[in-house]
Amino acid sequence: MSRVLRLHVPLALYLLFTLVPFYWMLVFALRPTGSTALVPWPITFEHFDTVWNGIGFGTFFYNSMVIALGVLVFVSVLSLMGGYALARFKFRGQRLFLVALLCTQFIPGAMMLIPLFVIFREVGLLNSLTGLIVADVAFQLPLALILMSGFVRNIPVELEEAAMVDGCTRLRAFFAVMLPQLKPALVAVGSFAFIGAWNNFLFALMFASRQDKFTLPVGLSYALGEFNTDFGALAAGGVVAAVPVVLVFAVVQRFLVQGLSAGAVKG
Amino acid sequence: MRALLVVLALVLSACSSGGGSGKTTIVFWDNNGGPGRTPIYEELIKRFEAANPDIDVEYVGIPSSSVQQKYDTAIAGGSTPDVGGVTTSYLAHLVGQEALVALDDRVEGSALKGKLLPSLVETVRQTAPDGKLYSVPSSGNMDVIWYRTDWFTQAGITPPKTWDELVAAAQRLTDPAANRYGYTIRGGAGSVFQLLTEAYSYSGVAEFFSGGKSTVGDARNAELVGKIAALYKKATPEADVNNSYTQMVAQFTGGSVGMMHHNLGSYGDVTKALGDRVAALPLPVGPSGKRTVVPNPTDGFAVFKNSENQDAAWKFVEFLTSKESNSYWNEKVGQIPANTEVRDAAWIASNQPVKMALGVLEDPATVTVPAPVYLPQYSSITKTDSEPQYQKVLLGELTPQAFLDEMASKLTAAQKEWEERR
Amino acid sequence: MRTKRWAPYALIAPTLLLMAVFLVYPIASVVHYSLQRYNVTQPWKNGFIGLENFRVMLTEDPLFWQSLVFSAKWVVVEVGLQLLLGLVLALIVNETFIGRGLARAMVFSPWAVSGVLTTGIWILLYNPSTGIFQQLAEWGIGSPGTSVLGDPATVFPATVVTELWRGVPFFAILLLADLQSIPNDLYEAAAVDGAGRWRRFISVTLPHLKDAIILSTLLRAVWEFNNVDLIYTLTGGGPANQTTTLPLYVARKAVDSHDFGYGSALTVAGFVILLFFSILYLRLSKFGSRA
């Protein structure tokens, strides 16, 4: 009985809180405009047609995917390198570097748009998915690096030393001993990066001025404009944007939790 | 040497067109991209490219909520499109940043000469300190009251002609138990633009500035603001104090509101949801019976100074505002065509809101009171500063007169500064 | 461990390079603009004005102080509730029960949803004519036409709930992960000592979670402080500026009024405040000191 009160009731309540908003979106996406039916029947796919064929969500989806995957790869590799350096070495400027990482989080991206835009123009990164990947990597990396250094620190240094005593170079030891241990951590940091990039609106809108380079959040904001309010399209677009990440997340959360439990956010 | 230059020029033009096919590519930014308007432009661009095989048009749809930020960033970063959709509400900023080309000569030398609705041309000219034409108006908009014809029939009342009738009708149609409200107030983003058109239509004051002083604080304007504020929560949904367009139109199309003040631009949204159960009324008049109209921001197309293909850009602007394209666009969107040749198009006769709006505009008794959108601080004063203050009025924390006086004194100061600079 | 002295620098070099190009210059330019009059609508007035923006901000702008107070309220309430609910949620899904994997996947899922979409979903849900409250009213719960975003009494809680929806999973994930790394023998030892469930939570679980809690609350606080999109779209800062945070005020100044100079000064103020509190927080909480 106490288990029901302690476990099942709160869990059920929280699930309700989580799922009702999703359901509301689904209902709007699947019922005709103007309908207020609580169960969308008969189901209509007109809103999906509007967003996929009418406003090009197909292209946006592809772009978001390319950017998110690119960011995932680069953030994982670079945060692994930097996190390892922070956790395993003592070097001059280490503390300053850490503070600098934290400071980068203090300024909202919106205030940096114009200088960033100028830099992007100078290095020829406007209107390209590469440019958006670079921008997202630059903004996600500081956080990922802090997290990753925590993971590395929690892996006993003795493991590595043992391998080096056996004649491995530090590099060999890293690949042979550390990397397998850090796999779950990579999943964790990688999915944070993926989700961050998948959801970035401002950079995609500002640093791309070509319809075929826009991303899903830009597409979603179309449906909220003056003269363009279309809740059905908004909801259908939302389903398109949410389903892949939610699915991916459902699969990786197992690894994520393992990964974080391997060391997690330990300074 | 000359050959070298020609080669260089060819290479450069190939680079700038991206494709290397020798075609010219121009970039066009739609300032209100989305499911409603993107398909219309796609069709028009297809037609344009068929007629001009040497020009490619690249369409970019900007979400309307971010369009000013996008233009600001692009101008500061030196990377503007060739052609952009602009409305007069921010045209002055673009002109102030010297981002646009004056199009007077282009219009003079084209088929558009004398074909553009003079009142719209005037609205565009007023935004620039030098009085030049920095965008070719494509469509006029007018504030209207959208109302539920079925509710009025049901209640056995006729649509209001004066503000007092509107207030009475709003109260009559309200039935909170049935979640029905007679009217909806735009209290959130964009509120004050609409409020001013309401105030002037009631007061009949014919000028925005009188002897350099803003007339916003006129007692009759305050009277109207008071009447509207009195409706809040009594004949309007409670949500109205924070209503932006999206929420306001959702209430109306969702069937809980009988009358909504917006403009012809919401034609698509309201007719899609309500079909023939909705119609448009001109804004009511006040006790004087005079019809004074504060013109809505005018949509148009501008050519950017940084464009390397201004000739091609102009061709596209000319095409978009030509009789056929202008008719197509405005028919789809439900606004007033700027090209006077479209006046007799068959669709206008069957489009009640546009026909009604044209009737008002063409009525010689109608007085237009252009808002001073040319003032650099105009949107800062009326939006950033005044919108939260209007919410205080609705919540009963500020009197209408004090609210308007504060806005008026800021506008007077801005106008004075502008006059001096000019 | 002896190693080459340049190795750590080589490893952080790509990060440093990215930061130098894409973060240092933009941040420096924000500081630069904060000393200028810089308004794109009146370019003829632009120029260096020293600390004038800061003087106006500190002495003539009540909205700066008001927005700062609301920001503090927002961060404290939001992070506090996210931590509390996240901890409870983590403890719940750390139990063993049938369908645990599915339950975890579901309760964590809002974390993956973007800001634009979160607000989109909740606009649909809160809509007075087609939202959840209208539906409830039809079932006889509450009154029709209830607008939680329009009523000054409910606009704050309604916005908080929306952000909780997306924010709680962040804490739940991190804390669950840390819970799992608690060696079981610690609990067993405590049980041998006769500690009850609550005692074990206080003496074993909480101390173990300490560092994770400190770091995640700090990161989250910074993030919530700068979170603009959600409030902007849901309430626009209203009614009557009641829900205007400092960054939202910045956005209104810089984006709507095009006043980048003053907006930059406000941003610098936010930066200094965050830096101060971050350092204070890390010091006071003795972060990283292992018991």
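This is a predicted model: local features need pLDDT of at least 70, side-chain atom pairs count only at pLDDT 80 or more; totals for chains, interfaces and linings use all residues.

Which residue in β2(B) does T25(B) stand opposite? The residue that T25(B) faces is D56(B), within strand β2(B).

**Strand β1 and its partners**
- Strand β1 of chain B, which covers residues 24-30, pairs in the parallel sense with strand β2 of the chain, residues 55-61, and seven bridges link the two.
- β1(B) also pairs in the parallel sense with strand β3 of chain B, residues 83-87, here over two bridges, and in that pairing F28(B) has V83(B) as its bridge partner in β3(B).

**Burial**
- Because six of the seven residues of β1(B) are buried, this strand is largely enclosed by the rest of the structure.
- Across chain B, 57% of the 422 residues count as buried.

**Chain B as a whole**
- The secondary structure of chain B consists of 18 helices and 14 strands.
- The radius of gyration of chain B is 23 Å, which agrees with the value near 22 Å that a compact globule of 422 residues would have.
- Taken along the principal axes, the C-alpha atoms of chain B fill a box of roughly 80 × 50 × 35 Å.
- Of the contacts in chain B between residues at least 6 apart in sequence, 76% join residues at least 24 apart.

Terms used. Residues are numbered from 1 along each chain as its sequence is written. Chains are lettered from A and ligands numbered from 1 in the order in which they are written. Helices (H or I, at least four residues) and strands (E, at least two) are DSSP runs, numbered from the N terminus. The radius of gyration is taken over C-alpha atoms; the globule rule is 2.2 Å times the number of residues to the power 0.38. A residue is buried if 20 or more other C-beta atoms lie within 10 Å of its own, exposed if 12 or fewer, and partly exposed in between; C-beta atoms are placed from the backbone. Two residues are in contact if their C-beta atoms, placed from the backbone, lie within 7 Å. Two strands pair if DSSP finds at least two bridges between them.
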